[in-house]
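Me: I am new to reading protein models. Can we go through one together, feature by feature?

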Amino acid sequence: MGQQVRGVVAREKGAPVTLETIVVPDPGPGEAVVAVQACGVCHTDMHYREGGINDDFPFLLGHEAAGVVESVGPDVTDLAAGDFVVLNWRAVCGECRACRRGRPWYCFATHNATQKMTLDDGTPLSPALGIGAFAEKTLVAAGQCTKVDPSARPEAVGLLGCGVMAGLGAAMFTGQVGLGDSVAVFGCGGVGCAAVAGSKLAGAATIIAVDLDPGKLELATSFGATHTVDASAGDPVEAIRALTGGNGADVCIEAVGHPAVMEQAFMARDLAGTLVQVGVPTPDMRIDLPMIEFFGRGGALKPSWYGDCLPSRDFPMLVDLYLDGRLDLDRFVSETIGIDQVEAAFARIQRGEVLRSVVVI
Ligand SMILES: [Zn+2]
Ligand SMILES: [Zn+2]
């Protein structure tokens with residue numbers, strides 16, 4: 001059984017993605033089939049295509065999506081056909097050691113669909129981040145579907161499924177930005193701009209955006225940055241100190257994934273400040289910090305996966321803030337494109353031209 005739909009597939013390392021006929025099985029126990037309405041194009045999709053995540057080709061790409069539940073497995077009770085959902089890659093298990101300790105946002109055994117979607121010749125597909133949403137329909141674990149207010153625009157709220165949530169959460173949850181704090185955000189792409197927006201929501205008084213690209217600094221300002229630092233014009237650490245009474249920022253968020261930038265973020269903190277690492281490094285990268293500075297400055301260095309979010313708690317809340325006009329998710333949507341234009345969107349990501357291209361299905 002199952003149904004045939006179109007999906008964007010990376011068949012082999014480095015090759016351009018292609019639009020293929022894929023087979024989506026009917027949902028089994030614990031699963032749901034979702035008719036995708038919109039899905040953002042993320043760096044991670046490109047990394048899959050380049051073989052930078054693993055070698056489990058072919059991949060069904062796409063993972064920042066919103067859509068409508070079409071059908072659910074026989075035992076699924078908290079989700080029904082017709083529900084409007086944002087897909088997530090943190091369907092918590094409730095049973096692992098992190099979940100049992102009351103920290104489900106660290107869940108070490110998140111759920112994905114059990115059955116495999118396939119090419120029409122039966123070749124199993126590896127869905128990106130267990131989602132695979134550059135497709136008319138996709139099969140996921142029911143827990144990967146988070147119900148949100150159906151009046152929201154799918155192109156905008158689907159972005160909560162990955163990059164925008166990572167940035168918002170890096171500030172709000174990992175960095176614990178609080179009222180009156182000073183924050184510096186290094187790198188103002190989609191994730192960095194979301195970190196700026198999250199810092200503003202959390203009540204930060206000073207939000208310093210750091211980038212090499214004046215266009216991105218302008219975007220960061222539109223999300224709530226109070227100051228900008230062009231890192232090509234001088235030492236950003238000194239610039240951040242000058243903007244914070246000579247002290248440094250309470251929270252520095254690294255949203256690039258580069259050792260030199262991480263070092264700047266480390267040094268630009270106030271005493272007892274927090275460094276949040278949300279930019280994704282590559283396996284070859286190393287950091288070399290003076291241990292006396294690590295010890296002497298105090299504070300915390302914290303990696304942030306998916307913004308330490310708990311989708312069931314955070315997506316509905318953030319969608320409500322969006323609908324209330326307090327979180328401008330629409331501004332992240334640089335353009336909407338067709339499902340056959342993903343490869344072109346990758347090129348625009350690489351040139352740094354867009355926050356998010358969003359496939360509308
Ligand atoms: Zn768990
Ligand atoms: Zn992503």
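**Reading a fold step by step**

Reply: Asp330 counts as exposed, because it has 12 C-beta neighbours inside 10 Å. Keep in mind that this is a predicted model.

Me: Where is the place of Asp330 in the chain?

Reply: Asp330 sits in the loop between α10 (311-323) and β17 (333-337). Setting aside residues up to four places away in sequence, Asp330 touches Arg153 and Ala156. Asp330 and Gly215 are 115 residues apart in sequence, and their C-alpha atoms are 18 Å apart in space.

Me: Let me try another residue. Is Ala81 buried or exposed?

Reply: Count the neighbours, then apply the cut-off: 12 or fewer means exposed. Ala81 has 12 C-beta neighbours inside 10 Å, so Ala81 counts as exposed. Ala81 lies in the loop between β5 (64-72) and β6 (84-87).

Me: Which residues is Ala81 in contact with, leaving aside its neighbours within four places in sequence?

Reply: They are Val69, Glu70, Ser71 and Val72. Now compare sequence with space again. Ala81 and Val33 are 48 residues apart in sequence, yet 8.9 Å apart from C-alpha to C-alpha.

Me: Next, the domains. How is the chain divided?

Reply: There are domain 1 (3-161 + 328-360) and domain 2 (167-305). The centres of domain 1 and domain 2 are 29 Å apart, taken over C-alpha atoms. Five residues from domain 1 and seven residues from domain 2 make the contact.

Me: How many residues does the largest nonpolar core have?

Reply: It has 122 residues. Val157, Val183, Val185 and Ile253 have the most contacts inside it. Helix α4 (residues 163-174) gives this core its largest share, eight residues. Domain 1 (3-161 + 328-360) and domain 2 (167-305) each supply at least three residues to the core.

Me: Let me zoom in on one core residue. What is Val185 in contact with, leaving aside its neighbours within four places in sequence?

Reply: The list is Gly192, Ala195, Val196, Ala209, Val210, Ile253 and Ala255. Ile253 is also among the core residues with the most contacts.

Me: Now a helix. Which residues of helix α8 are buried?

Reply: Start with the general idea. An α-helix has 3.6 residues a turn, so residues three or four places apart point the same way. In helix α8 (residues 259-267), the buried residues are Val261, Met262, Gln264, Ala265, Phe266 and Met267. Their cover includes β11 (182-186), α7 (236-243), β14 (249-254) and β15 (269-277).

Me: How do I read two helices that pack together?

Reply: Look at axis distance, then angle, then handedness. Take α5 (residues 190-201) and α6 (residues 214-223): their axes come within 8 Å and cross at roughly 30 degrees. Angles under 35 degrees count as roughly parallel. So α5 and α6 are roughly parallel to each other. The crossing of α5 past α6 is right-handed. Gly192, Cys193, Val196 and Ala197 of α5 meet Leu219, Ala220 and Phe223 of α6.

Me: What is the angle between α4 and α5?

Reply: It is about 40 degrees, and the axes are 7 Å apart. Therefore α4 and α5 are oblique to each other. Their crossing is right-handed. The contact includes Gly163, Val164 and Ala166 of α4, and Gly190, Val191 and Gly192 of α5.

Me: Last topic: the backbone. What should I look for?

Reply: Look for exceptions. Most residues other than glycine have a negative phi, and most peptide bonds are trans. In this model, a cis peptide bond joins Phe57 and Pro58, with omega about -5 degrees. Pro58 lies in the loop between α1 (43-49) and β4 (59-60).

Me: Which phi does Leu129 have, positive or negative?

Reply: Positive, about 50 degrees, although Leu129 is not a glycine. Leu129 is in the loop between β8 (126-127) and β9 (137-141). With 25 other C-beta atoms within 10 Å, Leu129 is buried.

Me: And Ala272: where is it found?

Reply: Ala272 is in strand β15. Its phi is positive too, about 65 degrees, and Ala272 is not a glycine. Ala272 is exposed, with 10 other C-beta atoms within 10 Å.

Key:
Residues are numbered from 1 along each chain as its sequence is written. Chains are lettered from A and ligands numbered from 1 in the order in which they are written. This is a predicted model: local features need pLDDT of at least 70, side-chain atom pairs count only at pLDDT 80 or more; totals for chains, interfaces and linings use all residues. A nonpolar core is a set of buried Ala, Val, Leu, Ile, Met, Phe, Trp, Tyr and Cys residues joined through C-beta atoms within 7 Å. A residue is buried if 20 or more other C-beta atoms lie within 10 Å of its own, exposed if 12 or fewer, and partly exposed in between; C-beta atoms are placed from the backbone. Helices (H or I, at least four residues) and strands (E, at least two) are DSSP runs, numbered from the N terminus. Domain bounds come from an automatic or database domain assignment. Two residues are in contact if their C-beta atoms, placed from the backbone, lie within 7 Å. Axes are lines fitted to C-alpha atoms, for helices over the stretch in contact, and angles run from 0 to 180 degrees between N-to-C directions. Angles under 35 degrees count as roughly parallel, over 145 as roughly antiparallel, 65 to 115 as roughly perpendicular and the rest as oblique. A crossing is left-handed if the near helix is turned anticlockwise from the far one by less than a right angle, and right-handed if clockwise.
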